[in-house]
Amino acid sequence: MTQTLPVPVLFAVGEGRLAGLDALARTLWRPALTQVHGTLEDRLQGLVQLRGILVDATHKDEPHDALLGAPWPPEPIARPLARVLRQLELQRFCSAQPELADTVLRSLLFHLDFVTHFEDRGTTRAEAIAMAVSAFADEWTERSGEMDEVVQVFGMLPQDCKSSRWDRLLGILKSTGWQEVLRSHRLLVALPELTRLLQDLGRSRPVAESPSRPQSWVEAMKEVVALQDLQSTVRVPDLPGQTQGIHRGDQIARMVPSESMLLGHPRLRLLWHARRAERTLLCYEDDDQMAGVRRHKAQVRQPHQGQLPAPEFIAGPVLVCVDTSGSMQGGAEAVAKAVVLEAMRAAHAHGRRCHVFVFGGNDETIEMELPLDSAGLEHLTDFLGQSFQGGTDISGPLERVISKLEDTAWQQADLLIATDGEFGVTPAVAARLDAVKRKLGLRVQGVLIGDRETLGLIEVCDHIFPVRNWRKFGGLNVESPVHTSSLTALYFPAAVRRTGV
C-alpha cells in the first residue's frame, strides 16, 4: 500500500510567486526577476502572456492590443510599447519561433531597465519611458529590416538568427558579400528556367506515410496480426524416454545393475550411500527433450483491397561545382554566383543539404557546405564577394565529388556544374564518373554560361542547360555571336561520345 507524501508547506508561498518562471525560457529568468517595474507576480504573468501571443501564429489578438489588458507592464509603459509593437509587427517573425520571441522579451526587459537610469539623470518618468521604448523600437526596426531581407532571399530565417549569434549574422548582412547576394537574387528573377532546373535537382526517394497524403484504391497485401503454430522443444529433467548413455546422478530407479550389487556387501553398501549422496552413481541417461506446438501472435501478410497512401517522394541533396576561372569574369561570373545562391535556396526550401565545390586551376578547389545559418551565410557571402580569376581544372573537383558520393548521406545527390565549358577531363576521371553513374544513378546537369558547349562538358554532363544571354548580366547588352549553343554536336557529331545532349 502506497502512502501519499505530505506536500511541503514551508516554502509553498515563496515557490508560488515564482510559478510563472516554469513557462519562460531560462534566459529570461534573471531579467524577469530583477526588473523593477510592476510586482513580481504580475510581471511573470504578463511576460508569459506576451510570449504566448508572439509565438502563436493563430492567435487572433494582436500583441499590442493584448498588451493593454495584460497585468504587466504598467499602463504608462504599455501604451507607448503597444504603439511600437503595432508598427514593428514582430509576430510575423516570432510565429512558431519561441527562441526569437524570447530574444524580443529579453531586449524589452533590457531597455526598460534604463527607465530608472534616465530618471536619475534628471528626466521625468514619462520622458524616461519614452526614451527606453524608443531605444527598443530603434533596435528592432533595424533588425526587422534585416530579417525582411533574409526572408525575401531565402523564404525563411536562418536557424540561429534568434540566438546569441545575431551579432555575427548582423555583420554578415552589412558586408559587401551580402550586397552580392541581393544582386544575385535580383538576377534570378530574369532566369526563371534556371530556378526551375535547380529545384528539380536531387533524385527522389520515398518518404514515410502521412495522414495528409492522397488516398487511392489499390489491390495490395496488408499486414495483420494472426495466430501461428510454432514448433518448439522443451527440456524436462528426468523425463523417462529413450536411453542415450550413462551419466552420474542419484536416481535409484535409473542406476545400472553394477551399482545395486554394492548394496548386498556389508561394507560396500556404505560406499553406495556415499556415492548416492554425492550424486556420482552410474545411471542411465534418458532423452529428456519433449516436442510440442504452441500458438503465438505474429504479423502476417494477407490480400487486401482498400485505400492506401499514394507514393510520395522527396528529393536528395545537391552537389554544385562552380568554375571560377578567369574566362568566367563579367556576366558569366554573375550567373555562376546566382546558381550557387539558388542551389542553396532550393535545397533548404525542401529540407535538403547543399555542398559546393569552387574550382580554379590545379589544387585550387575549395569545398563548403551551405546550411541556412550564420556559418552558411558567411561562406556564401565570402564566395559571392570574390572575383573569378583562376585557372581551370575539372578533374580535381570531380574526384572530390566521387569521394563525397561514397558517404551514405550523399548517395542520393545530383551534381550541377556551372561553367563556360572551357575545360577537359582526363580519361581516368571520366571512367570513374561513368562508373558512379551506373552504380548510384548519379545525374550530372551542366549550366553552360558561354556561347557553345565543349567536348569536355559533353563528356561529363547528361544534360546541358545553356544561358544564352549571360553577357547582359555583366553590363553588355549584346546577343550571342553564334546561332546555337550546340556547335560541337552540330558540326563534329563523330567527336561526341554521348547522344541526346
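## A walk from the largest cavity to the cores

The largest cavity is lined by Leu50, Leu54, Leu85, Val104, Leu108 and Phe136, and its volume is about 30 Å³. The model is a predicted one, in which local features need pLDDT of at least 70, side-chain atom pairs count only at pLDDT 80 or more, and totals for chains, interfaces and linings use all residues. Residues are numbered from 1 along each chain as its sequence is written, and side-chain values use heavy atoms, with hydrogens and water left out.

A cavity here is a set of points, on a 1 Å grid over the protein atoms alone, where a 1.4 Å probe fits but cannot get out, whereas a pocket is an open set with protein on both sides within 12 Å along at least five of seven lines; lining residues have an atom within 4 Å of a point. Grid points are joined across faces, edges and corners, and a volume is the space filled by probe spheres set on the points. The lining of the largest cavity divides into six nonpolar, no polar and no charged residues, where Ala, Val, Leu, Ile, Met, Phe, Trp, Tyr, Cys and Pro count as nonpolar, Asp, Glu, Lys and Arg as charged, and the others, Gly among them, as polar. Helix H3 (40–55) and helix H7 (98–112) each supply at least two residues of this lining; helices (H or I, at least four residues) and strands (E, at least two) are DSSP runs, numbered from the N terminus.

Leu85, one of the lining residues, is also among the buried residues of H5, which are Ile77, Ala78, Pro80, Leu81, Ala82, Val84, Leu85 and Leu88; buried means under 20% relative accessible area, exposed over 50% and partly exposed in between, with a 1.4 Å probe and protein chains only. Helix H5 covers residues 75–88, and its 14 residues should span 20 Å at 1.5 Å a residue, which agrees with the 20 Å between its end C-alpha atoms; the expected span is 1.5 Å times one less than the number of residues. In the loop between helix H4 (63–68) and H5 stands proline 73, and the peptide bond from tryptophan 72 to proline 73 is cis, with omega near 5°. Just after H5, glutamate 89 takes a positive phi of about 55°, although glutamate 89 is not a glycine, and with a relative accessible area of 47% this residue is partly exposed.

The second largest pocket has a volume of about 240 Å³. Of its 16 lining residues, Thr324, Val358, Ile366, Phe383 and Gln386 are the closest to the centre, and strand E8 (354–359), strand E9 (366–369) and helix H16 (374–384) are the elements that give two or more residues to the lining. That lining divides into six nonpolar, seven polar and three charged residues.

The largest nonpolar core has 50 residues, of which Phe154, Trp178, Leu194, Val356, Leu380, Val447 and Ile449 touch the most other members; such a core is a set of buried Ala, Val, Leu, Ile, Met, Phe, Trp, Tyr and Cys residues joined through side-chain atoms within 4.5 Å. Its largest share, eleven residues, comes from helix H15 (residues 331–349). Apart from this core lies another, of 40 residues, among them Leu40, Leu44, Leu81 and Leu157.
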